[in-house]
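Work through the exercises below with the structure open. Each task is followed by a solution in steps.

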Number of protein chains: 2
Amino acid sequence: MKKGILLVVSAPSAGGKGTILKELFRQDGNLRMSVSATTRQPRPGEENGKDYYFMSREEFQELVAGGRMLEHAEYVGNCYGTPREPVEEWLAQGLDVVLEIDVQGGAQIKRLAPDCVSVFITPPSMEVLEKRLRDRGTEDDETVRKRLAAAREELPHAEDYDYIVVNDRLEDAVEDMLAILRSEKRKYVRNPGFVQQVLNR
Amino acid sequence: MKKGILLVVSAPSAGGKGTILKELFRQDGNLRMSVSATTRQPRPGEENGKDYYFMSREEFQELVAGGRMLEHAEYVGNCYGTPREPVEEWLAQGLDVVLEIDVQGGAQIKRLAPDCVSVFITPPSMEVLEKRLRDRGTEDDETVRKRLAAAREELPHAEDYDYIVVNDRLEDAVEDMLAILRSEKRKYVRNPGFVQQVLNR
């Protein structure tokens with residue numbers, strides 16, 4: 001059984017990552033979404049092991065100390081991270097696993113999981129990004145300005161990623177993601193014993 | 001205009017490269033086939049600039065000496081090589097260019113054109129390769145044995161290539177090649193100025 005691909009995906013604020021991933025999962029049955037661990041309290045309707053792995057700070061710290069978190073960070077007093085074990089299990093079964101991380105995480109994850117494939121999703125232009133934010137109609141001027149400023153800070157982090165996918169037409173972006181997964185599987189370095197198998201059969 | 005991709009393709013004897021490339025060209029209008037230069041005499045029906053660039057040994061050596069051949073070799077008294085200029089022109093126009101070379105050439109071309117993408121096409125097994133050779137019905141036992149022996153020598157050169165594509169089902173192999181071209185274009189290193197463009201627009 002060939003090992004799956006760990007696909008790390010990041011996008012700046014309002015980059016449209018959610019829509020692309022939803023369509024990607026619809027088209028590719030071999031994908032799994034990694035589940036984060038958190039020390040915050042479950043909200044009504046949230047399921048342990050599906051939405052998050054809910055755990056105490058002690059349990060969380062133990063995973064970190066044992067090198068059993070792929071990445072982790074703290075936000076407003078709560079810890080969030082990606083337990084390594086479930087991801088490794090899926091990969092060993094030949095499934096590909098998507099890991100969403102924030103745009104600051106690209107360099108970190110490449111150190112911790114060097115054979116991952118990282119994709120940075122970007123809007124085609126700041127103008128389009130602004131238009132999308134305004135068209136939502138849910139954010140006031142101040143919030144739109146803040147999100148645009150955040151995107152300006154976040155976009156240069158693309159350099160830590162293997163691939164850039166432009167979120168212009170949804171179908172193209174999804175096709176790009178599928179092509180990246182497919183071609184990565186054909187890389188010689190991911191198939192070191194293949195030629196010997198051909199020769200033996 | 002974004003630069004095209006130089007796609008270097010090799011396959012062991014009877015690897016099925018021709019069939020795959022034919023179908024790839026049918027599906028991808030952005031591809032051009034690089035034309036080799038040779039010092040041998042044109043055969044009836046061969047066209048200069050289409051089948052080969054026919055030239056004298058002096059002209060050929062001049063191109064080699066000037067670093068204007070991407071790769072070159074000598075077979076049975078004639079020189080064969082790939083002139084760099086027409087390839088570079090197509091690439092500059094944003095066209096992707098396929099360059100067929102023999103399996104010994106993989107390491108050489110990576111030195112001379114480091115941003116090329118190289119693909120090694122392999123049969124799924126020696127058994128299948130033998131069956132294909134016999135099913136052709138055009139080769140006698142001795143020739144089949146020679147070709148199989150050659151393939152055994154050639155297969156380990158796959159390690160000098162970026163990707164391995166298995167020639168099992170034709171549609172899958174072609175789909176792999178298309179995915180490789182598509183995903184390579186999304187690589188961050190091939191789009192170094194892209195984020196700045198997004199920020200400026």
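**Exercise 1. Packing of H1(A) on H7(A)**

Determine the hand of the crossing between H1(A) and H7(A), then describe the geometry and the residues of the contact.

Solution. The model is predicted.
Step 1: H1(A) crosses H7(A) with a right-handed sense.
Step 2: Locate the helices. H1 covers residues 17-27 of chain A, and H7 covers residues 170-185 of chain A. Their axes are 9 Å apart, at an angle of about 60°.
Step 3: Classify the angle. Roughly perpendicular starts at 65 degrees and roughly parallel ends under 35, so H1(A) is oblique to H7(A).
Step 4: List the contact. H1(A) supplies Thr19(A), Ile20(A), Leu21(A), Glu23(A), Leu24(A) and Gln27(A). Facing them in H7(A) are Leu170(A), Ala173(A), Val174(A), Met177(A) and Leu178(A).
Step 5: Sort by class. The contact of H1(A) with H7(A) has eight nonpolar residues, two polar and one charged.

**Exercise 2. The corresponding pair in chain B**

Give the angle, axis distance and hand for H1(B) and H7(B).

Solution. 
Step 1: The axes of H1(B), residues 17-27, and H7(B) come within 9 Å. They cross at roughly 60°.
Step 2: That angle makes H1(B) oblique to H7(B).
Step 3: The crossing of H1(B) and H7(B) is right-handed.
Step 4: On H1(B), the contact residues are Thr19(B), Ile20(B), Leu21(B), Glu23(B), Leu24(B) and Gln27(B). On H7(B), they are Leu170(B), Ala173(B), Val174(B), Met177(B) and Leu178(B).
Step 5: The class count for H1(B) with H7(B) is eight nonpolar, two polar and one charged.

**Exercise 3. H7 against H7**

Find how H7(A) and H7(B) cross, and which residue classes make up their contact.

Solution. 
Step 1: The axes of H7(A) and H7(B), residues 170-185 of chain B, come within 8 Å and cross at roughly 110°.
Step 2: The range 65 to 115 counts as roughly perpendicular, so H7(A) is roughly perpendicular to H7(B).
Step 3: H7(A) passes H7(B) with a left-handed crossing.
Step 4: From H7(A) come Asp172(A), Glu175(A), Asp176(A), Ala179(A), Ile180(A), Arg182(A) and Ser183(A). From H7(B) come Asp172(B), Glu175(B), Asp176(B), Ala179(B), Ile180(B), Arg182(B) and Ser183(B).
Step 5: By class, the contact of H7(A) with H7(B) holds eight charged, four nonpolar and two polar residues.

**Exercise 4. The chain A and chain B interface**

State the area that chain A and chain B bury between them, and count the salt bridges across their interface.

Solution. 
Step 1: The two chains bury about 3,000 Å² between them. Carbon and sulfur atoms account for 65% of it.
Step 2: Chain A gives 32 residues to the contact, and chain B gives 32 residues.
Step 3: Four salt bridges cross the interface of chain A and chain B.
Step 4: Arg186(A) pairs with Asp176(B) in a salt bridge, with the closest N and O atoms 2.8 Å apart.

Technical notes
Residues numbered from 1 in each chain as written. Chains lettered and ligands numbered in written order. Predicted model: local features only at pLDDT ≥ 70, side-chain atom pairs only at ≥ 80, totals over all residues. Heavy atoms only, no water. Axes fitted to C-alpha atoms, helices over the stretch in contact; angles between N-to-C directions. Helix = DSSP H or I, 4+ residues; strand = E, 2+ residues; numbered from the N terminus. Parallel < 35°, antiparallel > 145°, perpendicular 65-115°, else oblique. Left-handed = near helix turned anticlockwise from the far one by under 90°. Contact = heavy atoms within 4.5 Å. Nonpolar A, V, L, I, M, F, W, Y, C, P; charged D, E, K, R; others polar. Buried area = accessible area lost by both parts, 1.4 Å probe. Salt bridge = Lys/Arg side-chain N within 4 Å of Asp/Glu carboxyl O.
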